[in-house]
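Colleague: I'm new to reading protein structures. Could you walk me through one, feature by feature?

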2 protein chains.
Amino acid sequence: MSTLKTMIEKAKIAREATLKLAALKNEVKNKALVAIAAAIKKNSGRIIGANEKDVTESKKAKISDVLIKRLLIDGDKISEIIEEIESVAKLDDPNGKILSQVELDRGLMLYQETCPIGVIGAIFESRPDALVQIAALCIKSGNAVILKGGSEAKNSNRILVEIISDACEKNGIPKGAVQLIETRDEVSEMLKMNDFISMIIPRGSNNFVKYVQQNTSIPVLGHSDGICHVFIDESAEMKKALDIAYDAKCQYPAVCNAMETLIVHKNIAKKFLPEIAKKYAGSKVEVRGDEETGKILKGIKKATELDWKTEYNDLVLSIKIVNNLSDAVSHINKYGSKHTEAIVTENKKNAEEFMDLVDAASVMWNASTRFADGFRYGKGAEVGISTSKIHARGPVGLEGLVIYKYKLVGHGQIVGDYSGKNAKKFLHKKIK
Amino acid sequence: MSTLKTMIEKAKIAREATLKLAALKNEVKNKALVAIAAAIKKNSGRIIGANEKDVTESKKAKISDVLIKRLLIDGDKISEIIEEIESVAKLDDPNGKILSQVELDRGLMLYQETCPIGVIGAIFESRPDALVQIAALCIKSGNAVILKGGSEAKNSNRILVEIISDACEKNGIPKGAVQLIETRDEVSEMLKMNDFISMIIPRGSNNFVKYVQQNTSIPVLGHSDGICHVFIDESAEMKKALDIAYDAKCQYPAVCNAMETLIVHKNIAKKFLPEIAKKYAGSKVEVRGDEETGKILKGIKKATELDWKTEYNDLVLSIKIVNNLSDAVSHINKYGSKHTEAIVTENKKNAEEFMDLVDAASVMWNASTRFADGFRYGKGAEVGISTSKIHARGPVGLEGLVIYKYKLVGHGQIVGDYSGKNAKKFLHKKIK
């Protein structure tokens with residue numbers, strides 16, 4: 001199995017690998033991905049066996065059923081994993097795309113071309129299938145990846161990374177492109193390795209992502225909280241308002257793009273709130289509200305400051321009544337997590353104002369917050385959802401795993417000819 | 001003058017300002033920029049007066065002539081500053097650009113649209129004109145900015161920011177869009193304000209930028225070292241090689257895109273080195289070299305490990321002879337600062353391999369490293385040069401000061417209809 005390399009050794013090998021990965025053709029990477037899928041199929045018995053050990057140990061350790069469900073790899077899961085890897089192979093090559101092209105002068109052409117980022121550090125809680133997915137996305141985009149999975153998935157992760165690395169090396173992917181680390185100490189070390197690691201992707205609970213964000217100066221792609229709002233404007237159409245407010249809360253409450261707080265314009269509250277309350281009651285949603293809401297929905301629990309700040313991830317909802325659009329926007333910009341925010345209105349001006357003024361990765365007009373997702377956005381594969389304000393925002397596909405470099409192609413041009421007396425003038429002709 | 005607000009108060013006001021800035025029309029921002037230019041013209045006497053104080057105090061404090069030259073604002077400098085602000089006003093609006101557009105389903109359209117980032121923290125050493133430039137770029141791109149200038153430019157910075165804020169507020173830019181901080185304590189506080197500040201732009205010495213990079217988990221746009229190389233391949237054309245190796249070192253040695261180490265293929269070294277050495281001798285360049293170089297250029301100082309790691313920023317150069325392209329690439333990827341790297345060769349395959357394998361923001365084939373610059377790249381205005389691997393890389397123009405948000409426009413669509421039995425299928429039709 002893995003020889004005992006130190007974290008710094010692993011990081012160095014990964015960095016070495018990136019320098020070769022950057023020049024690999026798409027066909028080579030796709031061939032390796034197909035080989036990984038085949039190797040996982042061939043070794044499915046071994047994988048399921050290793051996973052059984054993890055599940056048994058987790059049950060002994062009284063880990064929650066939800067986590068055990070996430071941990072479990074059975075035949076169906078293996079098929080899903082294989083399908084996902086194969087679909088990543090089918091995606092367009094994210095590298096080598098010309099983003100812009102400028103003729104600086106006759107025979108001096110500047111290309112801005114996408115290329116891999118370098119070494120990605122990916123840290124997960126539980127879910128060994130997520131590990132395979134991110135490894136596939138990193139190979140496809142020409143990045144090396146150092147993976148840290150949850151300790152409860154230790155045996156599953158080991159065998160998966162062993163199979164992946166082996167298939168990689170046999171198919172032209174440089175050694176060290178996919179590596180595993182297992183201890184918290186290694187994670188702490190990795191978070192300080194700015195010279196080797198170019199981006200950290202944490203996937204897991206809010207607290208875990210926050211911990212990562214606060215303990216590294218390496219850029220982090222991810223999100224912690226998902227406190228999303230739906231604002232029902234005074235001119236909202238009742239059916240749309242009811243459908244969206246219900247879907248955003250109830251369709252899948254445990255996820256980051258579900259609504260946590262419903263904001264209602266005072267002029268529509270008396271008509272809208274009793275109707276939506278009936279729908280929520282049918283799905284056993286616990287409703288809390290501010291004072292004004294309490295006057296309409298008698299007997300509900302009062303929402304406190306803490307409620308506005310809470311991601312319930314459950315069938316609980318806080319409701320606030322506001323005087324106008326501006327108050328709704330202020331509340332969202334104060335308490336929202338910059339993830340996904342929606343307005344329901346028939347007033348185009350209000351919708352545009354809302355979408356411009358609300359500071360969030362996704363803003364929606366007459367659509368459910370639940371649409372904010374890589375698959376639904378048509379990205380094919382999702383790296384994660386980012387609430388960062390730079391690089392990549394919202395649902396991030398392969399485009400978040402590449403950057404660009406400038407390639408300048410000349411015929412011996414020097415800057416001396418373009419400065420001082422009789423300086424040549426630049427052409428700066430935009431080709432693309 | 002400025003009332004004494006605490007850092008956190010300033011950050012909060014800046015954040016408030018961004019929420020309004022995000023919806024400002026291009027015309028409003030341009031009008032404000034023109035008004036700033038006019039106000040600087042009108043107040044040029046006061047600015048020059050305040051600057052004289054700074055210069056006098058700096059001379060008393062025995063600050064170096066180079067720094068005093070950078071600090072000085074005279075009539076010519078005022079004209080330059082005004083011209084720069086006016087040219088920023090003339091640039092295209094970087095916001096509101098549709099980067100992609102996908103019809104997720106009939107009547108459910110997803111737009112990926114550029115928007116401002118938020119609050120930018122910009123920290124300078126000396127050069128009050130740089131402060132004006134970055135303020136203008138932030139206004140143009142709809143970002144708020146908190147500026148920290150060098151303490152030796154204290155009086156100049158105060159009056160400039162006073163004039164800029166005043167012209168902003170009178171022309172529809174929200175209060176707090178441009179603010180000044182003056183103490184190191186405020187900078188330390190700012191570097192910890194992840195909730196308010198979305199990006200830090202440091203401009204100054206290597207050590208200063210490194211300090212900033214290592215002391216914040218807020219993303220940093222900038223570069224510290226500029227250790228650039230030129231590789232003369234065995235098939236290089238002699239005139240191109242001589243011109244580029246001379247220009248990259250001598251045209252302006254004090255800047256980050258100047259060459260620090262010249263790498264020469266062993267098969268061309270005996271012919272090339274004596275000729276380039278003659279040119280360097282004519283410009284008083286101190287040449288150091290590895291053992292092989294010493295055999296050709298007798299009597300030169302031996303280059304040590306430290307030389308490969310040093311940005312001389314001066315008429316000093318280290319030379320290394322390599323056996324092949326691969327060794328050149330390895331040396332560059334080990335010692336380079338990921339800034340700008342060039343190859344001189346007539347061999348297209350080698351050029352492409354070099355440009356793919358070298359990990360740098362700009363890679364050049366038969367052109368001088370000195371071209372890596374926002375103006376020469378045709379960007380109109382330069383925010384800085386970034387050696388980061390995410391967000392924006394190389395010479396960064398206004399595009400580095402914007403991010404995007406997704407706007408989803410529907411007619412009441414909910415995710416419930418797209419899942420489970422009889423789920424509707426997505427269309428995912430790429431419009432742009």
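This is a predicted model: local features need pLDDT of at least 70, side-chain atom pairs count only at pLDDT 80 or more; totals for chains, interfaces and linings use all residues.

Colleague: By what turn can chain B be laid on chain A?

Modeller: A turn of 180° with a shift of 0.0 Å along the axis does it, and the RMSD is 0.1 Å. That is the relation of a two-fold axis.

Colleague: Into which domains is chain A divided?

Modeller: Domain 1 covers 7-221 + 398-404, while domain 2 covers 228-371. Over C-alpha atoms, the centres of these two domains of chain A are 36 Å apart.

Colleague: What about cores? Which residues touch the most other members of the largest nonpolar core?

Modeller: Look for A:Ala135 and A:Val145, in a core of 78 residues. Helix α6 (residues 128-140) of chain A gives the largest share, nine residues. Leaving out residues up to four places away in sequence, A:Val145 touches A:Ile120, A:Ala122, A:Ile134, A:Ala135, A:Cys138 and A:Val178. Another core, of 77 residues, lies apart from that one and includes B:Ile73 and B:Leu160.

Colleague: And the sheet: what is the order of its 11 strands?

Modeller: Read it as β17(A)-β1(A)-β2(A)-β16(A)-β13(B)-β12(B)-β7(B)-β8(B)-β11(B)-β9(B)-β10(B), an open sheet with mixed pairing. At the edges, β17 (429-430) of chain A and β10 (301-302) of chain B each pair on one side only.

Colleague: In which sense do β7 and β12 of chain B pair?

Modeller: Parallel, over four bridges. Within that pair, B:Phe231 stands opposite B:Ile343 in β12(B). Helix α14 (residues 325-335) of chain B packs on the sheet, and its direction makes about 140° with that of β11(B).

Note on methods:
Residues are numbered from 1 along each chain as its sequence is written. Chains are lettered from A and ligands numbered from 1 in the order in which they are written. Domain bounds come from an automatic or database domain assignment. Copies are superposed by least squares on the C-alpha atoms of residues with pLDDT of at least 70 in both. A nonpolar core is a set of buried Ala, Val, Leu, Ile, Met, Phe, Trp, Tyr and Cys residues joined through C-beta atoms within 7 Å. A residue is buried if 20 or more other C-beta atoms lie within 10 Å of its own, exposed if 12 or fewer, and partly exposed in between; C-beta atoms are placed from the backbone. Helices (H or I, at least four residues) and strands (E, at least two) are DSSP runs, numbered from the N terminus. Two residues are in contact if their C-beta atoms, placed from the backbone, lie within 7 Å. Two strands pair if DSSP finds at least two bridges between them. Axes are lines fitted to C-alpha atoms, for helices over the stretch in contact, and angles run from 0 to 180 degrees between N-to-C directions.
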